[in-house]
Protein chains: 2
Amino acid sequence: MTERSGARPRTGERPRTGDAFGELLRAAHAARTGRGPRPVLGSRDPVPVVEVVERDDGFISAAPADRYLAEPSAWPGADRAALDLCRGRVLDVGAGGGRIALALQERGLDVTALDVSPGAIDVCRERGVHRTVVGTVGAHDGEYDTFVLWCNNLGLLGGPAVAPGFLAALARLAAPGARVVAQGTNPYGGSGDPVHLAYQDRNRRRGRMPGHLTVRIRHRELATPWFDYLLCSPDELRDLLRGTRWRIADVDDSEPSRYTAVLRL
Amino acid sequence: MTERSGARPRTGERPRTGDAFGELLRAAHAARTGRGPRPVLGSRDPVPVVEVVERDDGFISAAPADRYLAEPSAWPGADRAALDLCRGRVLDVGAGGGRIALALQERGLDVTALDVSPGAIDVCRERGVHRTVVGTVGAHDGEYDTFVLWCNNLGLLGGPAVAPGFLAALARLAAPGARVVAQGTNPYGGSGDPVHLAYQDRNRRRGRMPGHLTVRIRHRELATPWFDYLLCSPDELRDLLRGTRWRIADVDDSEPSRYTAVLRL
């Protein structure tokens, strides 16, 4: 698909705003189980379901979505190890396809899967998660011993404007002695990709944290609203926690850029 | 990556116009050979290189790009069979990563790989294609016995406005007795996906052929210009050839939607 005869400048229409993430997970679940509509290429070969993430500088990335549904045996070792940090009543924040909730549920923990995506929560239910909620931590009620922000979901801190409210919401839902088990990406631990370094510089010029991403997920005709997602170093996380009820109790940063942090009240 | 705290409407910047297709192929070639920069996800796990195609109605699709580099043993049977239809001096139009050119070259044919993408032609060269040209059929000189429009590249006919000039350019380059071996997609043979049917209706309302796609390829920070790509049925192809020097000599439409057509002067 290469020779662009008749090419001319033209602007595309915008995708429709909707639950692109949920539809993506539904498709990945269908591909995994063989039930439900699966994507095809040229109406011919089944293709893996791919998550497309668009950043507000025009950068686009794409990676197979099946990782959202993978069994623990297929996880990186650090992710499996993080399961051991969870106890009691668990709130899985941004539960996605429910792989963490299912793994913890199988260990006998009392898990609630929370996600703003109705499609994601449908997939969680279909896969056997018992307790599910469509919504945000700010609008949720309950009492939990562990909050899980898995698979980079420390990014839900969003940035300095959003993080205090988000962390206060978790504190409000926290039982005495509660902890947050969170995975984040250190934006300074990567390969020095010039495109990402330029985005960090652009953020600095705008007075934002360098790892402050504004992105949306696209799936077929749908796009989520643009949302903020934060990559921060453990040191930056420490700064963000200042003035909140949370502090860093432990950080496992044995991997170069991904780390697991345990926060305590 | 799901809870969208702090979500608010915002418009992203446009990607930079450039050789997104060529850079995609370079990345897929690097992933296949293990040499050169490979994409990673969260600076951690290597991920397959994925081609992202955006349509001008906002629809986006994504599929692994490795198929552009696959060996004949991994091709669908109909594609392998189509190799037998090629003879003499071959012009591979829209050669991409050179998989067809390489396969024909190994059979002893005298193949020229033509692509508008400099990156695609670089990959062709690195993979061992001897004759390569960056450019379009309209700007190219030579004499050929076979023109190859592989892997849906009948789409390069673009539409009724572009097709006559494109076909005239091929006729100008044609040796006596030359043929076109072309693969196309019948837009009416698919699964009845409502999103695609709506796009066809939109085209009809605009006086375009139903299968007339306007798309661009996106890769990281780059996008190709928007270009036209035509899905047409064998009957519509016959109509498009009217008034040109080409006629359909044979169509293999044993698959439901993809077909191989041989055109002759």
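Predicted model: local features only at pLDDT ≥ 70, side-chain atom pairs only at ≥ 80, totals over all residues.
Axes are lines fitted to C-alpha atoms over the stretch in contact, with angles from 0 to 180 degrees between N-to-C directions; helices are DSSP runs (H or I, at least four residues), as are strands (E, at least two), numbered from the N terminus. The contact (heavy atoms within 4.5 Å) involves A:F21, A:G22, A:L25, A:R26 and A:H29 of α1(A), together with A:G119, A:A120, A:D122, A:V123 and A:E126 of α4(A).

Between the chains, 73 residues of chain A are in contact with 72 residues of chain B. The buried area, defined as the accessible area (1.4 Å probe) lost on being put together, summed over both parts, is about 6400 Å², and carbon and sulfur atoms give 53% of it. Eight salt bridges (side-chain nitrogen of Lys or Arg within 4 Å of a carboxyl oxygen of Asp or Glu) are found across this interface. A salt bridge joins the side chains of A:R218 and B:E54 (2.7 Å, N to O). On the side of chain A that touches chain B, at least two residues each come from β4 (50–55), β5 (60–64), β7 (110–115), α6 (194–205), β11 (212–219) and β13 (227–230).

Residues are numbered from 1 along each chain as its sequence is written, and chains are lettered from A in the order in which they are written. Local features need pLDDT of at least 70, side-chain atom pairs count only at pLDDT 80 or more, and totals for chains, interfaces and linings use all residues, while side-chain values use heavy atoms, without hydrogens and water.

Definitions and conventions:
Buried area = accessible area lost by both parts, 1.4 Å probe.
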